[in-house]
Amino acid sequence: MEMFMEYFWAFVIGGAFCLVGQLLIDLTKLTPARILVAYVVAGVVLGGCGVYEPIVEFAGAGATVPLTGFGYALAEGVKKAVAEDGLLGAFTGGFTAGAAGLTAAVVFGIIVALCFKRGDKTS
Amino acid sequence: MKMTTAEYDRLTKKASPNTKLYLTLPKAFVIGGLICCLGQALFNLYSYWGLNEMNARSVTSITLIFFSAFLTGFGLYDKIAKHGGAGTLVPITGFANSVVAPALEFKTEGFVLGTAAKIFIIAGPVIVYGIAASVIYGIILYLFQLM
């Protein structure tokens with residue numbers, strides 16, 4: 001049962017983040033790129049204020065998979081780095097925390113560009 | 001033809017198809033929720049394999065990015081995104097798609113000035129402002145530590 005609730009809340013909270021994004025797409029003129037920027041910056045701000053951590057504890061992947069979770073990871077990385085290295089940490093923490101995701105996106109991007117043909121845009 | 005911004009707005013509103021909120025919202029919710037459930041399943045699997053919380057989260061992100069990259073390569077991510085809307089944009093898979101799609105798309109302009117230059121065309125702003133915000137947060141934290 002506990003297992004079920006974990007997936008239930010991941011589904012509901014993760015879905016809710018996407019619902020807000022869909023409202024922004026449908027009701028405003030924000031482009032997808034701007035929405036992604038807004039989500040990451042919102043994640044950093046909410047993570048910094050300590051608001052996001054309880055959501056992560058409650059919803060797990062429902063909070064870490066949406067792009068706000070990437071922003072939260074950046075904030076957490078900076079927090080840890082500043083505690084260890086002082087001001088230098090403000091400059092190293094973000095990329096350290098984002099390294100896995102960014103590197104994966106670049107590497108798989110290159111592999112896909114090498115191995116696949118450009119999709120047919122007519123369909 | 002001269003027209004004011006307000007007139008132009010009215011024209012574009014008339015020309016663009018009506019978005020049906022009762023369709024787009026539930027679809028975004030369900031597809032986004034399912035992607036997060038997949039993330040939760042991966043996270044549980046990696047935790048079960050003995051990774052600590054931070055590493056399990058990182059490897060989950062890498063796996064989701066991997067799935068998204070190859071679905072993008074096969075042209076399937078776009079097909080899901082047609083229904084998913086923000087449900088496929090907001091999760092980390094959408095971020096991966098925004099990196100992989102231009103990398104593939106601009107391959108025709110060469111691997112340096114096409115793929116490599118255009119790879120961050122959408123993700124670039126996300127990284128720039130995400131990192132900028134995190135540095136500001138770090139400096140604020142540092143100042144508070146001094147006090």
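Helix α6(A) and helix α3(B) are roughly parallel to each other, a class that covers angles under 35 degrees, with angles over 145 counted as roughly antiparallel, 65 to 115 as roughly perpendicular and the rest as oblique. The axes of α6(A) and α3(B), the latter formed by residues 53–73 of chain B, come within 9 Å and cross at roughly 25°. Axes are lines fitted to C-alpha atoms, for helices over the stretch in contact, and angles run from 0 to 180 degrees between N-to-C directions. The crossing of α6(A) and α3(B) is right-handed; in a right-handed crossing the near helix is turned clockwise from the far one by less than a right angle, and in a left-handed crossing anticlockwise. Helices (H or I, at least four residues) and strands (E, at least two) are DSSP runs, numbered from the N terminus.

The structure is a predicted model, in which local features need pLDDT of at least 70 and side-chain atom pairs count only at pLDDT 80 or more, whereas totals for chains, interfaces and linings use all residues. Residues are numbered from 1 along each chain as its sequence is written, and chains are lettered from A and ligands numbered from 1 in the order in which they are written.

On the α6(A) side, the contact with α3(B) is made by A:A100, A:G101, A:A104, A:A105, A:F108, A:G109, A:V112 and A:C115. The residues of α3(B) that take part include B:S61, B:I62, B:I65 and B:F66. Two residues are in contact if their C-beta atoms, placed from the backbone, lie within 7 Å. By class, this contact of α6(A) with α3(B) has 11 nonpolar, six polar and no charged residues. Ala, Val, Leu, Ile, Met, Phe, Trp, Tyr, Cys and Pro count as nonpolar, Asp, Glu, Lys and Arg as charged, and the others, Gly among them, as polar.

A:G101, which lies in helix α6 of chain A, touches A:F70, B:S61, B:I65 and B:I92, not counting residues up to four places away in sequence. A:G101 is buried because 24 other C-beta atoms lie within 10 Å; the cut-off for buried is 20 or more such atoms, with exposed at 12 or fewer and partly exposed in between, C-beta atoms being placed from the backbone. The C-alpha atoms of A:G101 and A:I25, 76 residues apart along the chain, are separated by 25 Å.

Within chain B, α3(B) also packs against helix α6(B) (residues 92–105), at an angle of about 40° and with the axes 8 Å apart. That angle makes α3(B) oblique to α6(B). The crossing of α3(B) and α6(B) is right-handed. Among the residues that meet here are B:S61, B:L64 and B:I65 in α3(B) and B:I92, B:T93 and B:A96 in α6(B). The contact of α3(B) with α6(B) has nine nonpolar, six polar and no charged residues.

Across the interface, 62 residues of chain A are in contact with 63 residues of chain B. Helix α6(A) gives the most to the side of chain A that touches chain B, with 19 residues. The residues of that side divide into 42 nonpolar, 16 polar and four charged.

Chain A as a whole comes to six helices and zero strands. The C-alpha trace of chain A spans about 50 × 40 × 35 Å along its principal axes. Buried residues make up 51% of the 123 residues in chain A.
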